[in-house]
Amino acid sequence: MNVTIYDVAKKAGVGIGTVSRVINNSPHLSIKTKLKVEKVIKELKYQPHAMAQSLARKKTNTVACIVPDFTGYFFVEMLCGIQRECSTLGYDLILYSVDEIEKKEMFLKRTLREKKVDGVLFLSLDISDKEADRFIQADFPIVLVDSFHPKLDSIMVENEEGAFLATDHLLQLGHRKVGVITGHLDSVPANVRLEGYKRALNHCKIQLNDQYISISSMNGDTEERSNHGFNKKAGYNAMMRLLDKNSDPPTAVFVSSDIQALGAINAVMDRGLKVPEDIAIVGFDDIELAAWVGLSTMRQPMAEMGSLAVSRLFEKIQQHHLPTMNKLFTPKLIVRESSGDRISN
């Protein structure tokens, strides 16, 4: 008989999720645990693909991923982690792109009704109490990523703390006229990051100036509205509004996503201004392009979050009555050229 992941977990005295993370080389493991599991894998001559064969008798070996947009850089990097872990665990992945609330509700209902997948990953979207209760009552595995509900498993970054640290970085450089660009306020990350910005100003006893707040428009064209306003065009237009409506514009801006920040930088340049000499900018995400353009940003482990979400969903598929898990990652400030040096007051 083929050795399964359960055999490895049992002999090593760990959970199957831990075995999965060892196979996928996750950094969030102690060296002692990693070496112990690797030793058992070698002793048992375990091959990861054998797990898929053992599960196929009872499961579809498919998971669904409901996501607002899978073309944005944030989601592409997270989906890389999701796909990699699915491959390790022998699972296929079905993607559902949701650009309207009605579609989200439709996919959730269809998933519960048809049960053509073993579980659901739910990315960067709100889930109502009613919808959460449906999954709980149906005993159907679901893991939220970049979203939260107290009754469901969730994996998030500390968005408010990240926005606070980004804004505080600009304040510590000596800026006192700090603006913010954020996405549509029907987005949880947009709302929470805006609160982090406000908290940083309050912490430094700087009065909030509403003229320095630019929220992505929900009345623009399709491109600007996409992905809750977390896109390059929305960032460009939001920065233009900051510059147009202020006779005394901000000297620094916290932009709540890197892709918006790229648009904001273009807007500054189109006005004949320079980054960071005229306007310092800090983003959020640390997508691959951020390093290429010298963007200071808050790094969140997107691929790792996706990988952990799949690992947790797999655990829930195998053991439905596990306690609810809420995992929080703290984003890290990455300082590059766009925020510049300390200025004199």
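Buried means under 20% relative accessible area. The model discussed here is predicted.

Q: Why is Ser-124 called buried?
A: Its relative accessibility is 11%. The cut-off is under 20%. Ser-124 therefore counts as buried.

Q: What makes the backbone of Ser-124 stand out, and where is Ser-124 found?
A: Ser-124 has a positive phi of about 50°, although it is not a glycine. Most residues other than glycine have a negative phi. Ser-124 is found in the loop between strand 3 (119-123) and helix 7 (129-137).

Q: Why does Asn-61 count as buried?
A: The relative accessibility of Asn-61 is 7%. Buried means under 20%, so Asn-61 counts as buried. Asn-61 also has a positive phi, about 55°, without being a glycine. Its place is in the loop between helix 4 (49-55) and strand 1 (62-67).

Q: Why is Arg-336 called buried?
A: Arg-336 has 17% relative accessibility. That value is set against a limit of under 20%, so Arg-336 counts as buried. Arg-336 is found in the segment after strand 12 (332-334).

Q: What makes the pair of Arg-336 and Asp-286 a polar contact?
A: Their side chains are 3.1 Å apart at this contact. The cut-off for such a pair of N or O atoms is within 3.5 Å. Leaving aside neighbours within four places in sequence, Arg-336 is in contact with several residues, including Asp-286, Ala-290, Leu-295 and Arg-299.

Q: How do you know that the peptide bond from Val-275 to Pro-276 is cis or trans?
A: Its omega is near 10°, and the bond is cis. Most peptide bonds are trans. Pro-276 is found in the loop between helix 12 (258-270) and strand 9 (280-285).

Q: What makes strand 7 and strand 12 edge strands?
A: They belong to an open sheet of six strands, in the order 7-6-8-9-10-12, with mixed pairing. Strand 7 (213-215) and strand 12 each pair on one side only.

Q: How do you know that strand 8 and strand 9 pair?
A: Three bridges join strand 8 to strand 9. Pairing needs at least two bridges, so these strands pair. The two run parallel. In strand 9, Ile-281 is the bridge partner of Val-253.

Q: Where is confidence lowest, and where is it highest?
A: The lowest is in helix 4, at a mean pLDDT of 49, and the highest is in strand 8 (residues 252-255), at 98. Over residues 53-57 the pLDDT is below 50. Where pLDDT is low, the predicted coordinates should not be read in detail. The protein chain averages 89.

Key:
Residues are numbered from 1 along each chain as its sequence is written. This is a predicted model: local features need pLDDT of at least 70, side-chain atom pairs count only at pLDDT 80 or more; totals for chains, interfaces and linings use all residues. Side-chain values use heavy atoms; hydrogens and water are left out. Helices (H or I, at least four residues) and strands (E, at least two) are DSSP runs, numbered from the N terminus. Buried means under 20% relative accessible area, exposed over 50%, partly exposed in between (1.4 Å probe, protein chains only). A polar contact is a pair of N or O atoms within 3.5 Å; within protein, one must be able to donate a hydrogen and the other to accept it, and residues adjacent in sequence count only if both atoms are side-chain atoms. Contact means heavy atoms within 4.5 Å. pLDDT is the predictor's confidence in each residue, from 0 to 100.
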